[in-house]
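I open this notebook to record what I looked up, one topic at a time.

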Amino acid sequence: MKTEKNTSEKSVKKSSKKLVKKSVKKSWNEKLNDAKDLPRIIELNAEAQKRWGGKTMVIPSPIEVDAIMKTAKKGKILTINDIRKQLSEKHSTETACPITTGIFAWISSHAAEEDRKAGKKKITPYWRTIKSTGELNEKYPGGLLAHKRALQAEGHEIVKKGKKYKVVK
């Protein structure tokens, strides 16, 4: 009997911990401002050097990616590779992590929409940042159509290639 009671108490504690974790969800702006010990410069092994091109790589902080995205003026476009190049120059590395740069651009876009909904007028113009292939980002707020409309409103020509949309340069 005593063993059963202890077992049931543990499972209650476990389930209550799970409930606490689910109810404490970070906002997009909290994610954007959470540096997580970043930026960090790493040395790449031989395999990674072939894949990413270079011996050193910076893993940027989310706010650094957001700051570069904010520099895109109306009528201009930035790609993820443009951001990576600026980050690697800033940190004197040969490359910047494409995965975290893309993830942090996505976080920045949602944080900007959070700001817009909160009534802020000046937000990060995330729609001016596109994928390195020239494609629009379906993961930005509102999806592909919202991204397409925002760029077209600034005078960019968008073409559909299969299921993807690209900016004509």
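This is a predicted model: local features need pLDDT of at least 70, side-chain atom pairs count only at pLDDT 80 or more; totals for chains, interfaces and linings use all residues.

I began with Lys26, which counts as partly exposed because its relative accessibility is 40%. The side chain of Lys26 meets that of Asp34 in a salt bridge, with 2.5 Å from N to O. I then looked up Asp34, which is partly exposed as well, with a relative accessible area of 21%.

In one of them the side chains of Glu138 and Lys131 meet at 3.1 Å, N to O. Glu138 is partly exposed at a relative accessible area of 36%, and Lys131 counts as partly exposed at 22%. In the other, Glu135 forms a salt bridge with Lys164, and their closest N and O atoms are 3.9 Å apart. This pair links distant parts of the chain, since Glu135 lies in the loop between strand 5 (129-130) and helix 7 (143-153), while Lys164 lies in strand 7, 29 residues apart. Is Glu135 buried or exposed? I found that Glu135 is buried, because its relative accessible area of 14% falls under the 20% cut-off. Lys164, on the other hand, counts as partly exposed, with a relative accessibility of 40%.

I stepped back and recorded that the chain has seven helices and seven strands. Reading along the sequence, I wrote down the pattern as α-α-β-α-β-α-β-α-β-α-β-α-β-β. The chain has 169 residues, and 39% of them count as buried. Its accessible surface comes to about 11,200 Å², and 54% of that belongs to carbon and sulfur atoms. I also looked up the contacts between residues at least 6 apart in sequence, and 55% of these join residues at least 24 apart.

I found an open sheet of three strands, in the order 1-2-4 and with mixed pairing. Why is one side of strand 1 and of strand 4 left without a neighbour in the sheet? Strand 1 (40-43) and strand 4 (95-96) stand at the edges, and each has a single partner strand, so one side of each has no neighbour there. Strand 2 and strand 4 run parallel and are joined by two bridges. I looked for the bridge partner of Met57 in strand 4, and it is Thr95.

I finished by listing what Val65 touches, leaving out residues up to four places away in sequence: Pro60, Ile83, Leu87, Thr101, Phe104 and Ala105.

Key:
Residues are numbered from 1 along each chain as its sequence is written. Side-chain values use heavy atoms; hydrogens and water are left out. Helices (H or I, at least four residues) and strands (E, at least two) are DSSP runs, numbered from the N terminus. Buried means under 20% relative accessible area, exposed over 50%, partly exposed in between (1.4 Å probe, protein chains only). Contact means heavy atoms within 4.5 Å. Accessible areas come from the Shrake-Rupley method with a 1.4 Å probe; for residues, only the protein chains shown count as cover. Two strands pair if DSSP finds at least two bridges between them. A salt bridge is a side-chain nitrogen of Lys or Arg within 4 Å of a carboxyl oxygen of Asp or Glu.
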